[in-house]
Amino acid sequence: MTTWRNPIALRLGLGAVLGALAQLSALGLLAVSAYLVSRAWEQPPILYLMVAITSVRALGIGRGVLRYAERLVSHDAAFRGLERLRIAVWRKLVRLAPAGVPVWRSGDLQARLVDDVDGTGDRWLRGTLPLASAIATAAVAVVLQTAILPAAGAVLAAALAAAGLAGPALASWSSRYAVRATAAERGDLTEHVRACLHGREELVAAGTDAVALARALDVDERLRRAHARIAWSAGLGQAAGLLALAAAVTGALWTGIPAVAAGTLDGVLLAVLALVPLAAFEPVLALPAAAQHTAAAKTSGRRLLEITQTPDPRPDPVEPMEFEPNPLGGPPYIEIKRLSVTWPGADRPALSGFDLKIQPGERVAVMGPSGSGKSTLAAALMGFLPYEGSLRFGGVELAEYDGDDVRRTVGLCSQDAHVFDTTLAENLRLARTGATDDELVRALRWAGLRDWFDGLAGASGGSVAGGLRTRLGEHGRAVSGGERGRIALARCLLADREVLVLDEPDAHLDAATAERVLRTAAAALEGKTAIIITHRPLPDGVVDRTVRLEPPVPTPRDAPLSSLLDLAPRG
Amino acid sequence: MTQLAPRPAALDRRLLHRARGASVYIGVCAGLGLAQTACVVAGAWLTASLVAGAFAGGRDLADLGPQLTALAAVLAARALLASVQEAAANRAAAGVKSGLRRQALEHLMRLPSGTRGTGETANLLVRGVDALDAYFARYLPQLVLAVLVPAAVIAVMLAAYPPAALIVLATLPLIPLFGVLIGRHTKARAERQWASTAALAHHFADLVAGLPTLKAFGRADRQAGAIRVTTGEYRRRSMSLLRVAFCSALVLELAASLSVAVVAVTVGVQLVHGGLAGEAGLRTALLVLILAPEAYLPLRNAGAHYHASAEGLAAADKVFAILAETPEPGAAPAPDAEPADAPALAAAPHIAPPLQRAPTIMFRRTVFAYPGRDPLPELSLTVPAAQTTVLTARSGAGKSTLLAALLGFRRPRSGSIAFDGADLAGLDLEAVRRSIAWLPQQPVLIDGTVAENVRLAVPHDASDPAVAKAIAAAHAPDGRRRVAANGAGLSAGEAARVGLARLLLRADLLDTPVLLLDEPTAHLDADTEHAVLESLAPYREGRTVLIASHRAAVRAIADREVDW
């Protein structure tokens with residue numbers, strides 16, 4: 001909430017005031033009505049009642065109108081806050097991507113992040129605001145009751161406090177209890193359902209789908225029993241609030257009736273005393289639900305805070321060097337010496353002691369088994385990660401440059417390049433905004449997608465523009481894995497960077513297709529520097545030379561004894 | 001945020017009809033609702049008569065004690081009933097949720113695979129459906145009370161002081177009336193808005209997923225502006241909709257508070273003029289004053305719980321969408337299938353026995369197509385009987401599709417598939433499946449031991465020695481080892497060998513004349529690959545074997561290689 005600056009805070013404050021006033025109108029309506037009826041029974045001249053009659057009418061209208069205004073003001077504020085939060089989270093994520101947080105490792109985490117941002121908007125509307133108006137109403141009710149009869153005020157205060165504390169506490173205990181008591185069954189059932197769905201065809205083919213289904217249904221039955229077993233606990237919070245209300249009403253009469261009999265309390269006010277608790281409890285009885293919204297929103301907020309407080313993996317220098325690694329134009333000279341790179345949170349480098357010199361316009365393959373730090377090298381070259389040792393572009397350390405400047409010269413086509421849920425053309429134009437249709441088609445051809453694109457264009461009546469308008473679906477689901485990878489490759493080629501890092505460009509391709517694609521891509525990259533990361537040898541002529549990358553040697557701490565002995569000085 | 005989704009009216013009814021135990025619950029709900037209504041009326045009457053007794057009757061606690069005790073008891077009973085109500089609701093919800101999950105899962109096993117995410121669907125069935133608790137425990141009971149309480153209040157008022165009853169009777173219908181009017185006015189806009197909420201969340205999720213890519217192209221910072229514009233536009237449209245939508249709540253609140261005000265004033269004026277004299281008069285006046293707001297309370301509560309119940313209903317809606325999907329052709333009928341399905345069954349080909357000997361399999365000019373994709377090229381291919389054929393075509397050429405087609409899971413768009421000249425489309429699918437042992441690329445693993453997993457090869461119980469033999473031949477892990485349903489505890493290579501053991505067991509016990517293997521050695525090192533292929537050799541004798549693989553060692557055992 002502290003990140004939401006003034007205009008929004010003001011609107012939220014106004015919403016809270018309007019909400020409290022609406023509840024107070026309800027309280028006033030009931031109190032004045034009770035007074036009106038009691039006083040009228042004494043049959044005074046009707047003139048004496050005019051003030052009460054007028055206020056009853058005003059309060060009756062006020063409550064509805066105030067509540068309507070409160071809803072509009074607070075929703076508007078919540079929308080604005082959400083807008084601001086979304087942008088703030090986005091800006092932070094931009095600095096963190098892709099090394100800083102594990103969000104990009106799974107779709108589940110991404111979905112949760114998006115939900116968390118939306119969830120915090122709920123906190124104010126359904127958590128804080130009801131709490132604020134409940135407290136305001138309760139305070140005014142206690143003051144009013146105390147003014148009429150101090151003992152009744154004390155009873156009401158105690159009952160409200162009990163309901164306000166015990167209700168939400170019991171409600172959140174019972175929901176935690178329910179989650180805990182069924183966690184094992186829910187986890188089991190999720191896995192069983194997943195297995196049934198994943199293996200459906202295999203099971204049906206073997207005639208054993210019923211067996212797997214029966215096992216899943218057994219777990220479901222266990223879950224049903226667990227749910228039924230804990231059902232009793234669900235209503236406790238609600239019951240606690242209603243019990244406190246019972247105590248408050250009974251207590252008001254129990255203190256009020258003797259006071260009337262003793263003449264210390266005007267009998268006209270006894271009805272007010274009995275009815276004030278009803279109005280005072282209305283917002284308090286809603287607190288268990290509000291507390292649950294707050295708890296859920298807090299969890300969301302905590303997870304967002306974790307992200308916003310993560311330090312930037314590679315902060316840009318305060319005064320970056322002017323990026324001009326090759327004053328003559330064209331690709332820069334790249335010199336890597338004893339390069340060591342550690343991912344944030346990892347306890348050992350993923351790449352260490354790596355040396356490489358690349359002449360402008362050279363094409364180099366970096367080959368190594370999985371775990372040798374190939375993708376780490378790519379991330380370091382993009383300025384995504386901090387490093388130790390030396391990584392120079394045109395004689396200047398990469399760390400001295402602004403990351404965005406680096407990425408205007410270095411491009412990366414990674415294994416997990418994202419294909420956006422939009423058209424083929426828009427996906428490609430990410431790389432170059434003003435690219436013409438012809439340029440897009442040429443890039444597709446370079447990436448070995450000529451036949452594929454001709455098929456698309458053919459399907460849309462032979463028009464190139466129509467083919468480019470093809471939508472690629474969520475995460476590129478409308479195309480195959482191999483096509484997705486080549487679309488990403490085409491995009492990188494279109495970007496026309498002086499240095500291009502290709503991370504396993506042949507990952508989802510069979511040997512023949514891979515060779516064809518690598519050859520056309522190599523031709524398109526003539527004159528540029530290319531670093532091709534691969535785990536198998538590339539076809540002849542694609543690169544000028546191949547360097548091998550071995551997994552980093554374990555640090556001495558983790559190394560077996562024998563290797564420690566090797567490191568010890570000899571002789 | 002505020003739920004703008006329109007709720008399909010039929011959903012609630014479907015939910016209550018399909019779910020077993022729901023009708024009993026509605027009965028319990030009504031019974032408890034009646035008891036709570038009685039408490040509300042009794043509480044109001046006792047409060048009114050206590051105040052009137054002390055103020056107008058001049059009596060002290062000594063006289064009024066029993067009434068005060070009764071009031072405490074009635075109010076406490078109301079609290080207890082609310083708690084019992086919620087417990088009963090959660091018990092009932094447990095049964096309804098389980099029923100929905102069962103139906104959905106049984107139906108899902110008959111729907112074509114690959115059209116939905118398995119993780120997402122599992123989450124929907126377990127966590128998503130759980131959210132129905134709020135609907136059953138909070139929303140439904142308030143709806144029941146929203147019928148019972150106003151009726152009781154009006155009845156009591158009619159007996160005590162008819163003008164007050166008329167006021168409630170005049171205002172109460174305004175609420176649903178305005179609700180319907182406003183709902184009709186905003187419906188189309190709300191639907192559009194709901195679609196744009198979903199689109200907005202989807203767009204943001206897509207951007208987050210692709211952020212590393214955007215950053216690589218230097219486009220990430222610029223997106224912040226785009227997010228601001230779309231979100232701001234969304235807020236303006238939402239607010240203009242909410243200004244109208246909140247009017248129904250405004251009518252409800254106004255009706256509730258104005259009717260209290262009008263009752264108070266009417267009764268007050270009546271009292272001043274001596275219309276309701278004496279202790280009884282005051283008691284009546286207070287009774288109607290206390291009861292008036294109670295008539296509107298359940299409706300207001302139901303509105304407040306609407307939001308909490310929306311999540312569960314959205315999940316239920318998705319489950320119903322699954323239940324409405326048409327099963328895969330050839331799928332077994334549902335256990336509770338309508339009798340109307342019977343003629344279709346009778347028209348199906350008669351049950352043929354499994355294929356007796358190794359068949360020749362022929363693909364004649366078959367074309368396979370996936371929705372939204374280019375069809376795969378036309379293919380004609382003969383797999384000779386009792387020989388081992390290895391498919392070496394490039395990735396994406398449709399090797400797995402061919403294997404799945406033989407099992408009837410993919411239908412060619414054109415062309416035909418024949419076993420010994422008999423068209424697959426005319427054969428009994430179950431019999432064909434009984435004649436085939438198939439090892440898919442990623443064999444399924446269920447929670448249990450390796451042996452239990454291997455037993456999934458055949459519908460009946462396999463003997464221990466047979467299972468042990470298959471495990472040994474496939475070089476699979478120890479039969480007693482535990483496997484979690486997500487495959488935890490096994491490496492990819494071990495999982496592949498569990499799948500292979502399954503294939504061998506099925507070949508042994510059912511003597512299937514056809515073996516289909518999809519990348520059987522993809523995750524194995526050269527030594528294991530060799531050993532596994534060695535074990536496979538005796539099983540290949542006299543069987544038609546079709547293997548999809550690029551591996552040199554696999555190609556070495558082929559009688560024939562096919563590429564296209």
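Reply: Domain bounds here come from an automatic or database domain assignment. The model is predicted. On that basis, chain A is assigned domain 1, spanning 6–308, and domain 2, spanning 334–548. Between the C-alpha centres of domain 1 of chain A and domain 2 of chain A there are 52 Å.

Chain A also touches chain B, in a contact to which chain A brings 128 residues and chain B 121 residues. On the side of chain A, the most is given by helix α2 (residues 50–96), with 24 residues. By residue class, that side of chain A holds 75 nonpolar, 26 polar and 27 charged residues.

The strand pairing is now followed in chain B. There, an open sheet is built from four strands in the order β2-β1-β4-β5, with antiparallel pairing. Its edges are β2 (379–383) and β5 (422–423) of chain B; each has a single partner strand, so one side of each has no neighbour in the sheet.

Strands of a sheet pair through backbone hydrogen bonds, in a parallel or an antiparallel manner. Strand β1 of chain B, residues 361–367, is joined to β2(B) by four bridges in the antiparallel sense. Within this pairing, B:F363 has B:L381 as its bridge partner in β2(B), and B:I361 is placed opposite B:V383 of β2(B). β1(B) also pairs with strand β4 of chain B, residues 414–419, where five bridges link the two antiparallel strands.

Terms used
Residues numbered from 1 in each chain as written. Chains lettered and ligands numbered in written order. Predicted model: local features only at pLDDT ≥ 70, side-chain atom pairs only at ≥ 80, totals over all residues. Contact = placed C-beta atoms within 7 Å. Nonpolar A, V, L, I, M, F, W, Y, C, P; charged D, E, K, R; others polar. Pairing = 2+ DSSP bridges.
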